[in-house]
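Here is a short briefing for a first look at this structure. Keep the sequence and the 3D view open while you read.

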Amino acid sequence: MRVGITGLSKNSPSIRMAGLRGCYLPVSVYSGVGALDNHWQNYQQACQETGREAKRSDHRVVRDVLVADTDADADARKLAIEGGMGKAWREYMLPIYKHHNLLDSMISDPDMSSDDVDIDWLCDNVWIIGSPDTVLEKLRAWRAENGEFGTLMIYNHDYSDDPAPWNESVHRLAQDIAPRLR
């Protein structure tokens with residue numbers, strides 16, 4: 001059995017260790033395309049140092065994804081911002097990303113700083129949310145920009161107050177969208 005270990009920051013020592021040891025799968029927690037590219041380069045270099053070939057199929061990437069009925073604010077955006085995804089980012093992840101300067105690799109606007117990042121910005125620029133067709137388009141565009149990887153993993157946010165939309169999102173992602181990405 002192989003074990004995955006996560007890396008978040010650029011030059012992640014965990015991702016490097018996965019490449020050096022060979023028994024761990026590299027799992028990149030999304031913090032921007034630049035960070036993911038950095039993770040892959042470091043993993044690949046560490047594999048080469050030990051005489052092994054790095055395989056893109058081993059690379060896992062963790063993202064925030066929510067599939068709704070439509071792209072309308074009443075559906076996708078509201079479910080993301082007002083639900084478990086928004087709560088997790090407001091109360092936990094955004095403060096950690098800001099404290100550890102992890103937002104910089106997500107921001108492409110040179111006039112913007114990490115202090116400007118809020119839930120609305122994350123919803124519009126980082127999270128992959130929308131109707132099935134929109135999510136599929138966003139995933140394809142992201143893969144084209146970032147390159148291939150083995151497995152998309154998603155955060156499982158707490159939608160215990162109303163689990164039906166989240167459960168439907170996960171079902172659609174696995175049954176409708178993932179097969180169309182292959």
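Helix α4 has a kink of about 50°, centred on R90. The bend at a residue is the angle between axes fitted to the seven residues ending there and the seven starting there. This is a predicted model, in which local features need pLDDT of at least 70, side-chain atom pairs count only at pLDDT 80 or more, and totals for chains, interfaces and linings use all residues. Residues are numbered from 1 along each chain as its sequence is written, and side-chain values use heavy atoms, with hydrogens and water left out.

**Helix α4**
- Helices (H or I, at least four residues) and strands (E, at least two) are DSSP runs, numbered from the N terminus.
- G84, M85, G86, W89, M93, L94 and Y97 are buried in α4. Buried means under 20% relative accessible area, exposed over 50%, and partly exposed in between (1.4 Å probe, protein chains only).
- Just after α4, N101 takes a positive phi of about 55°.

**Nonpolar cores**
- A nonpolar core is a set of buried Ala, Val, Leu, Ile, Met, Phe, Trp, Tyr and Cys residues joined through side-chain atoms within 4.5 Å.
- The largest one has 43 residues, and M85, W89, L122, W127 and W142 have the most contacts inside it. Its largest share, 5 residues, comes from α4.
- A second, separate core of 7 residues includes I5, W40, C47 and A54.
- M85 touches residues including D64, W127, I129 and W166, leaving aside those up to four places away in sequence. Contact means heavy atoms within 4.5 Å.

- T6 sits in strand β1, residues 3-7. T6 is partly exposed, at 47% relative accessible area.
- Not counting residues up to four places away in sequence, T6 touches S14, V27 and V29. T6 and R52 are 46 residues apart in sequence and 20 Å apart in space, C-alpha to C-alpha.
- N146 lies in helix α6, residues 132-146. N146 counts as buried because its relative accessibility is 8%.
- V33, L36, D37 and R56 are touched by N146, again not counting residues up to four places away in sequence.

**Cysteines**
- The count of disulfides (pairs of cysteine sulfur atoms within 2.5 Å) is 0.
- For C23, the nearest cysteine sulfur is that of C47, 11 Å away. C23 is partly exposed at 39% relative accessibility.
- C123 is buried, with a relative accessible area of 2%.
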